[in-house]
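Please read this briefing alongside the sequence and the model. It goes helix by helix, then turns to loops and overall figures.

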Amino acid sequence: MTYAPETPAAPASPAAAPALPDPAADPLVIAGRTFTSRLITGTGGAPSLRVLEDALVTSGTELTTVALRRVAPDTEGSVWEVLRRNGISPLPNTAGCFTAGDALRTARLAREALETDWIKLEVVADDRTLLPDPVELLDAAERLVDEGFTVLPYTNDDPVLARRLEQVGCAAVMPLGAPIGSGLGIRNPHNIELIVEQAGVPVIIDAGIGTASEAALAMELGCDAVMLATAVTRAKDPVLMAAAMRDAVAAGRAAHRAGRIPVRRYAQASSPAVD
Amino acid sequence: MDVIINGEPRQVAPRTTVAEVVRTLTRSPGGVAVALNDEVVRRADWAATVVAENDRIDVLTAVQGG
């Protein structure tokens, strides 16, 4: 008598596997504008405009930062054109500003150049750390809000400063995970959680993200969105990393909504006890 | 007439307008903003704004950043 193994059941079709929730059913809303993607990208550091464009499109982003600088004569192509032809909204920043006055001037020029009153406000203290200067930042935020700007401030991971920025009318707060371009990840998740708990506006982690697991962690901590640039543009394969970040942000959001289990010090059996 | 355009000393003809300065720098003025002595000049006013001796004109555009 020969052994006749049972015919194994056909594996479930991959198409039948439950997918992550449709992002359109869980949109990000900032100042009344709705975004399907919770990944906000930057454009600095890309090896070429072609690679940048492929990475941005792959990332699924709908909002992307640009800087404002003096026109270089006879430059071929522009990041502005890349964003326009892909339907990605530009978010001008005030990178390079060290005072509230500088930031105001840059924001006004950005509004004129890009026809948007949205501004990612950066006022940094020094070139070595690029850490926000809290005094100048709050001053600039208040003045820009008064001028009718929709202000998204890059801020320290300081719950008190985040609250003050919201109180002066900022449309979101963007605490750093770690210094710009460092890839150090989220150095103080506890502070990020405190900021998320108290915030009445979206919280967007900004700076420090190095890889996909860190973007997912930001979302699991309850952040509403992730802003990153270097992690994609300076990756060995920027387009592949853009895909990884897209999926990490979606996965992290889903995990946050699903609700993680409590952390325990000791084991809890998941199999029933033996009778 | 001596002026400073994007930080560089330049000579321009009398009665040169901001619009003409922009045209010397770029053929695609979309996405461009102008500051005249640190004050924004609205796009609608470029053609009517005449630069003066020793003015500082900055012509800026969106670049990769952030």
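The buried residues of H6(A) are covered by elements that include helix H5 (159-167), strand S8 (174-175) and strand S9 (204-206) of chain A. Contact here means heavy atoms within 4.5 Å. Helices (H or I, at least four residues) and strands (E, at least two) are DSSP runs, numbered from the N terminus.

This is a predicted model: local features need pLDDT of at least 70, side-chain atom pairs count only at pLDDT 80 or more, and totals for chains, interfaces and linings use all residues. Residues are numbered from 1 along each chain as its sequence is written, chains are lettered from A and ligands numbered from 1 in the order in which they are written, and side-chain values use heavy atoms, with hydrogens and water left out.

**Helix H6 of chain A**
- H6 spans residues 189-198, and Asn191(A), Ile192(A) and Ile195(A) are buried in it.
- Buried means under 20% relative accessible area, exposed over 50%, and partly exposed in between (1.4 Å probe, protein chains only).
- The buried residues of H6(A) fall within an arc of 100° seen down its axis, so they line one face of the helix.
- The arc is that of the directions from the helix axis to the C-beta atoms.

**Helix H1 of chain A**
- In H1 (residues 49-59), the buried residues are Leu52(A), Glu53(A), Ala55(A), Leu56(A) and Ser59(A).
- Down the axis of H1(A), these buried residues fall within an arc of 165°, so they too line one face of the helix.
- Their cover includes strand S3 (39-41), strand S4 (63-70), helix H2 (79-85), helix H8 (230-233) and H9 of chain A. Strand S5 (56-64) of chain B is also included.

**Packing of H7 and H9 in chain A**
- H7 (residues 212-220) and H9 (residues 238-258) pack at an angle of about 30°, with their axes 7 Å apart.
- Axes are lines fitted to C-alpha atoms, for helices over the stretch in contact, and angles run from 0 to 180 degrees between N-to-C directions.
- H7(A) and H9(A) are therefore roughly parallel to each other (angles under 35 degrees; over 145 is roughly antiparallel, 65 to 115 roughly perpendicular, the rest oblique).
- The crossing of H7(A) and H9(A) is right-handed (the near helix is turned clockwise from the far one by less than a right angle).
- On the H7(A) side, the contact is made by Ala212(A), Ala215(A), Ala216(A), Met219(A) and Glu220(A).
- On the H9(A) side, the residues include Ala244(A), Met245(A), Ala248(A), Val249(A) and Gly252(A).

**Loop residues**
- Glu147(A) lies in the loop between helix H4 (134-146) and strand S7 (150-155) of chain A. Glu147(A) is partly exposed, at 28% relative accessible area.
- Leaving aside neighbours within four places in sequence, Glu147(A) is in contact with Leu104(A), Arg108(A) and Arg111(A).
- The C-alpha atoms of Glu147(A) and Arg108(A) are separated by 9.3 Å, and the two are 39 residues apart along the chain.
- Ala31(A) is not a glycine, yet has a positive phi of about 50°. Ala31(A) sits in the loop between strand S1 (28-30) and strand S2 (33-35) of chain A.
- Asn54(B), also not a glycine, has a positive phi of about 70°. Asn54(B) counts as exposed, at 55% relative accessibility.

**Chain A overall**
- Chain A has nine helices and 10 strands.
- Of its 275 residues, 47% count as buried.
- The C-alpha trace of chain A spans about 90 × 45 × 35 Å along its principal axes.
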